[in-house]
Amino acid sequence: MSAKKNTAVVVVDMQQAFLDEFTLTERVRLVDNHFDLLEHCKTRDVPVVGLRYGIYGDYYPRLEFKIDEVPRHRHIWKDSNDGFSNPALKEYLEELSIDRLCITGINAAFCVKSTTRSALDKGFQVATSDDLIGNAIKLKHTPYRDWFKESTTWFNRYQDMLRTL
């Protein structure tokens, strides 16, 4: 079964340096949920972009390997909160004729939100899930859920979002 041809997943900054700032429970939840998402993308040929903030190093190893298993994947480095600050992101999505994105990752109130805002400004439809975005401990009081609920197609459970891929 193949995915809707116009949909891709963008995973934002699931890097070890950022994940180390989460509680163990939250880190395990985010990594496990992303692992399931990436397995879904692998088996249904959903394109995946792994964005990483340049100065913060490598992706969490388990997720790096999983992204590499997805047939149509790309790793793109960025140098600001917004993933579209690197033109390679938009170019790759256009190359695949993508117009719908599922954006996930960390930190929700900054990098995920900035990337999502740019995607919306560029005309992409965006979906996300509370199970696939989060803020580090030091940012736990920074609000983001209401903005995502109002601006994107919001799923409380990532399993519901997977059914749309």
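What follows is a set of questions and answers about the predicted model above.

The model is predicted, so local features need pLDDT of at least 70 and side-chain atom pairs count only at pLDDT 80 or more, while totals for chains, interfaces and linings use all residues. Residues are numbered from 1 along each chain as its sequence is written, and side-chain values use heavy atoms, with hydrogens and water left out.

Colleague: How many of the 6 residues of strand E2 are buried?

Modeller: Helices (H or I, at least four residues) and strands (E, at least two) are DSSP runs, numbered from the N terminus. Buried means under 20% relative accessible area, exposed over 50% and partly exposed in between, with a 1.4 Å probe and protein chains only. On one side of E2, Val-48, Gly-50 and Arg-52 are buried, and on the other so are Val-49, Leu-51 and Tyr-53. E2 (residues 48-53) is therefore largely enclosed by the rest of the structure, with a buried count of 6 of 6.

Colleague: Which residue of E2 is the bridge partner of Val-10?

Modeller: Two strands pair if DSSP finds at least two bridges between them. Strand E1 (residues 7-12) pairs with E2 in the parallel sense, over 4 bridges. Within E2, the partner of Val-10 is Val-49.

Colleague: Which residue of E3 is the bridge partner of Arg-52?

Modeller: Strand E3 (residues 73-78) also pairs with E2 in the parallel sense, over 6 bridges. One of the bridges to E3 joins Val-48 and His-73. For Arg-52, the partner in E3 is Trp-77.

Colleague: What is the hand of the β-α-β unit made by E2, helix H3 and E3?

Modeller: View the strands pointing away from you: a crossover is right-handed if the path from the first strand over the helix to the second runs clockwise. Here the helix is H3, residues 61-69. The unit that E2, H3 and E3 make is right-handed.

Colleague: Val-11: buried or exposed?

Modeller: Val-11 is found in strand E1. Contact means heavy atoms within 4.5 Å. Leaving out residues up to four places away in sequence, Val-11 touches His-34, Leu-38, Val-48, Val-49, Gly-50, Leu-51, Tyr-59 and Thr-104. With a relative accessible area of 2%, Val-11 counts as buried.

Colleague: How far from Arg-100 is the nearest side chain of opposite charge?

Modeller: Lys and Arg count as positive and Asp and Glu as negative; His and the chain ends are not counted. A salt bridge needs a side-chain nitrogen of Lys or Arg within 4 Å of a carboxyl oxygen of Asp or Glu. Arg-100 is found in strand E4 (residues 100-106). Arg-100 is buried yet has no salt bridge; Asp-99 has the nearest opposite charge, at 7.0 Å.

Colleague: With which side chain does the side chain of Arg-100 make a polar contact?

Modeller: A polar contact is a pair of N or O atoms within 3.5 Å; within protein, one must be able to donate a hydrogen and the other to accept it, and residues adjacent in sequence count only if both atoms are side-chain atoms. Not counting residues up to four places away in sequence, Arg-100 touches residues including Asn-6, Phe-124 and Thr-164. The polar contact, at 3.0 Å, is with Thr-164.

Colleague: What is the omega of the peptide bond from Ile-106 to Asn-107?

Modeller: Asn-107 sits in the loop between E4 and helix H5 (108-121). The bond from Ile-106 to Asn-107 is cis, with omega near -15 degrees.

Colleague: What is the relative accessible area of Asp-13?

Modeller: Asp-13 lies in the loop between E1 and helix H1 (16-19). Its phi is positive although Asp-13 is not glycine, near 55 degrees. Asp-13 is buried, with a relative accessible area of 0%.

Colleague: Ser-97: buried or exposed?

Modeller: Ser-97 is in the loop between helix H4 (87-95) and E4. Phi of Ser-97 is also positive, near 60 degrees. At a relative accessible area of 54%, Ser-97 is exposed.

Colleague: What is the N to O distance in the salt bridge of Glu-26 and Arg-29?

Modeller: Both residues lie in helix H2 (residues 24-44), 3 residues apart, about one turn of the helix. Arg-29 is partly exposed at 25% relative accessibility. The N to O distance between the side chains of Glu-26 and Arg-29 is 2.6 Å.

Colleague: How many residues apart are Lys-90 and Glu-94?

Modeller: Their side chains meet in a salt bridge, 2.4 Å from N to O. Lys-90 is partly exposed at 30% relative accessibility, and Glu-94 at 46%. Lys-90 and Glu-94 are about one turn of helix H4 apart, because their separation in residues is 4.
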